[in-house]
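Please read them alongside the model.

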Amino acid sequence: MKAMLVVLAAAGALVAGLGYAQSGADVVKAKGCLNCHEVDKKKVGPAYKDVAAKYKDDKGAAGKLVAKLKEGKTHPPVTASDAELKAAVGYVLSTK
Ligand code: HEC
């Protein structure tokens with residue numbers, strides 16, 4: 001049983017090291033999104049709750065927002081991988 005846990009922990013560390021399976025909440029912290037955003041207050045950028053409310057009826061919102069963040073034209077440029085942006089946007093849209 002103990003050996004099993006060690007194996008699982010090692011696998012988890014490996015996956016985290018590769019940048020996969022990071023939760024959106026971790027990404028917004030690690031990538032500095034929270035320097036400009038808060039979940040329930042407007043800061044430099046809109047509150048994530050307001051973003052979630054704005055897009056609640058838009059089924060394509062996640063894809064659009066990932067594209068917008070990657071483009072870095074209307075939104076300030078961010079440095080995060082596609083997988084990280086997907087996780088972050090999923091998190092933002094879940095904050096409503
Ligand atoms: C330098 C400040 C800054 C940083 C860093 C930043 N944002 Fe923003 N964000 C803004 C501003 C300003 C807006 C409002 C303008 C806009 O919608 O593009 C915004 C808007 C957004 C929106 C709503 C876009 C829309 O169409 O309504 C989302 C989602 C978002 N940011 C996610 C993120 C994520 C995820 C990160 C981190 C990877 C991040 N932001 C980092 C400033 C920032």
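1. His 37 and His 75 are both buried, that is, under 20% relative accessible area with a 1.4 Å probe and protein chains only. This is a predicted model, in which local features need pLDDT of at least 70 and side-chain atom pairs count only at pLDDT 80 or more, while totals for chains, interfaces and linings use all residues. Residues are numbered from 1 along each chain as its sequence is written, and side-chain values use heavy atoms, leaving out hydrogens and water.

2. The iron atom of the ligand has as its protein donors (N, O and S atoms within 2.8 Å of the metal, or 3.2 Å for Na, K and Ca) the NE2 atoms of His 37 and His 75, lying 1.9 Å from it. His 37 lies in the loop between α3 (33-36) and α4 (48-54) and His 75 in the loop between α5 (61-71) and α6 (82-93), so the pair ties together parts that are 38 residues apart in sequence; helices here are DSSP runs of H or I with at least four residues, numbered from the N terminus.

3. The buried residues of α6 are Glu 84, Leu 85, Ala 88, Val 89, Val 92 and Leu 93. Seen down the helix axis, these buried residues of α6 fall within an arc of 160° (taken from the directions from the axis to the C-beta atoms), so they line one face of the helix. They pack against α2, α4 and α5, where contact means heavy atoms within 4.5 Å.

4. Val 51 touches Pro 46, Leu 65 and Val 92, when residues up to four places away in sequence are not counted.

Conventions
Helices (H or I, at least four residues) and strands (E, at least two) are DSSP runs, numbered from the N terminus. Buried means under 20% relative accessible area, exposed over 50%, partly exposed in between (1.4 Å probe, protein chains only).
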